[in-house]
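Welcome, and thank you for taking a look at this structure. Let us walk through it together, one neighbourhood at a time.

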Amino acid sequence: MTSVATLGFLLLCCMAFAIHASDPGYMKFRDPQQPLSKRTRDLMNRMTLEEKIGQMVQLDRAAATAEIMRDYSIGSLLSGGGSVPRLQATPQEWIDMVNDFQKGSLSSRLGIPMIYGIDAVHGHNNVYKATIFPHNVGLGATRDPDLVRRIGAATALEVRATGINYAFAPCIAVCRDPRWGRCFESYSEDPKIVKLMTEIIPGLQGDIPSDLPKGIPYVAGRDKVAACAKHYVGDGGTTRGINENNTVIDRHGLMSIHMPAYNDAIIKGVSTVMVSYSSWNGLKMHANRDLVTNFLKGTLKFRGFVISDWQGIDRITTPEHANYSYSVLAGVNAGIDMFMLPFNHTDFIDILTDFVERKIVPMSRIDDAVRRILRVKFTMGLFEKPMADQTFIDQLGSQAHRDLAREAVRKSLVLLKNGENADGAALPLPKNAARILVAGTHANNLGYQCGGWTIAWQGLSGNNNTVGTTILNGISATVDSDTEIIFSENPSMDYVKASNVSYAIVVVGEQPYAETQGDSLNLTISEPGPSTITNVCAAVKCVVVLVSGRPVTVGPYLPQVDALVAAWLPGTEGQGVADVLFGDYGFTGRLPRTWFKTVDQLPMNFGDEQYDPLFPLGFGLTTEPVGSS
């Protein structure tokens, strides 16, 4: 009986094959019943050189049309920081835009769907009304990988709510110098903490099957997105923290400090890896074949695709774009698979086509790139369901996600000072004071508390750019209804003395920035923050809340303040700050990075021979919730 059943099964398979083979419209790559490897091989066998190189191109939406997608078989689009359909666009408008581009891709000769990427680095941060989570430095303070995983899952849903399926996150840089303008994008100076936080990847992409070999990219379904580990490698180790500069370190140091999180990301099935603008010992990472091809693809067995950063190959030369043909050749031969050009596709396509036709770039290198790109697209199910799923629209800025962000804010706060001793603790604050003062530039400014990479690339000031709760709003909602709140951004000392308040909360910090614009050699609190601290804290009991992407100079003010809280860049849910200030929850956060005494000490990291910080890595005072035993 068994042999008869087997024979019957084989006959059915042969019949199915015969039917497919006789169907002139049958294409194996379109058959979801076929193994991924066979689908990929079949599609690649049908592709022309022009179509293959088109798949290696990523354009910004502003430089694309449906016709360009169709005619050049463009592999991917992105929204750079602030690149939106219109200001305050709705999820439906995002979906309509993405679908229109996708229709262009599907109308090409082979109908290969495009993948759409966006910098969703602390929530879906380009999009109006999205939930903005604390930046990575704050999440590092939580030491909570489960929390980060849940944030990844929530971010994936909000990204999908706009029809987008690819997030340029997480940044797994190990920031070794807070003078770097991207330090807030790093979870910690400690590679062990950064490794812990790669748990955001299964949040974004889903849990990989247990039998999946190491290095294979994985995206679990339409409620998940492709993730991107960045910026490979050593971006957080540049000299004096200068963005895109040179990381001077031996191979052992690179492997032990900057590389470990990439191995974890690959084990967790990360779909893509973005190359860093920076150099390692003088060699641009975008031209580093040893680390991209030999180590990442070879030793670490990464099977997803490697993507450049924005105009990354242009910056191989100084000045940038000085010898674009050389840059294309260097980037392709290094092992980069997809190129975030992001504007001029024809130059890139023409140059690379010429290199291949003249056998300067081997066809095997093009096939490696395209195979990896298609592997991710097939894994995501794009060939079966290329269009946006409208059912996720209500996930954008949902209450559940805002509650999660509020939890993250609470857990990220680090208490640096709380009175002179335990008996004189200033926190938690009483809710029933007759009158309190709230001061500082950052107390009632949603843009400031979100920081860079929020709505616009460099961030914005004010409360009208997106939706959320300022720290002042949170305080107002927490204190007793009969407590009078006086708000003054920068009061004089005489004003404070005459105001007759029980205590003051001063919220100051850094103004928003991103990337090179954030590089700083002095790391000071933005004006008029220092004078606000002096005027208020000299006159009344005060709690200072610092809103910043990194440690800043606070030593001169410490004797004046009764309590000091590092709130990092908390995002849209400022209520989380008030939750802890007033004792509904206790302080539990611990410093994700060393807090220096003076900038002259930098760089200074835990484990250094000369280690004399104001507050060490891992420092954080704790409090109990009011009413707990």
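A second one concerns the elements: helices (H or I, at least four residues) and strands (E, at least two) are DSSP runs, numbered from the N terminus. Please keep in mind that this is a predicted model, in which local features need pLDDT of at least 70 and side-chain atom pairs count only at pLDDT 80 or more, while totals for chains, interfaces and linings use all residues. Residues are numbered from 1 along each chain as its sequence is written, and side-chain values use heavy atoms, with hydrogens and water left out.

Let us begin with strand S13, which covers residues 435-439. Four of the five residues in S13 are buried, so this strand is mostly covered. Which strands pair with S13? Pairing here requires that DSSP finds at least two bridges between two strands. Strand S14 (residues 484-488) runs parallel to S13, and five bridges join the two. Strand S15 (residues 503-509) is also parallel to S13, joined to it by four bridges. Ala439 shows both pairings: this residue stands opposite Ser488 in S14, and its bridge partner in S15 is Val506.

Val438 also has its place in strand S13. Is Val438 buried or exposed? With a relative accessibility of 0%, Val438 counts as buried. Contact means heavy atoms within 4.5 Å. Leaving aside neighbours within four places in sequence, Val438 is in contact with Ala443, Leu472, Ile475, Ile485, Ile486, Phe487, Ser488 and Ile505.

Next, find Arg182 in the loop between strand S4 (166-167) and helix H8 (191-196). Arg182 has a relative accessibility of 5%, and therefore counts as buried. What does Arg182 touch? Not counting residues up to four places away in sequence, its contacts are Lys230, His231, Asn243, Asp309, Trp453 and Glu515.

Now for the cysteines. A disulfide is a pair of cysteine sulfur atoms within 2.5 Å, and by this rule the count comes to two. One of them is formed by Cys175 and Cys183, whose sulfur atoms are 2.1 Å apart. The torsion about their S-S bond is about -105°, which is why this disulfide is left-handed. Cys175 is buried at a relative accessible area of 0%, and Cys183 counts as buried at 1% relative accessibility.

The other disulfide joins Cys537 to Cys542, with an S to S distance of 2.0 Å. This link has 105° about the S-S bond and is right-handed. Cys537 and Cys542 are both buried. When the bonded cysteines of the protein chain are numbered in sequence order, the pairing reads 1-2, 3-4.

Cys171, by contrast, is in no disulfide: the nearest cysteine sulfur belongs to Cys175 and is 9.3 Å away. Cys171 counts as buried, at 3% relative accessibility.

Terms used
Buried means under 20% relative accessible area, exposed over 50%, partly exposed in between (1.4 Å probe, protein chains only).
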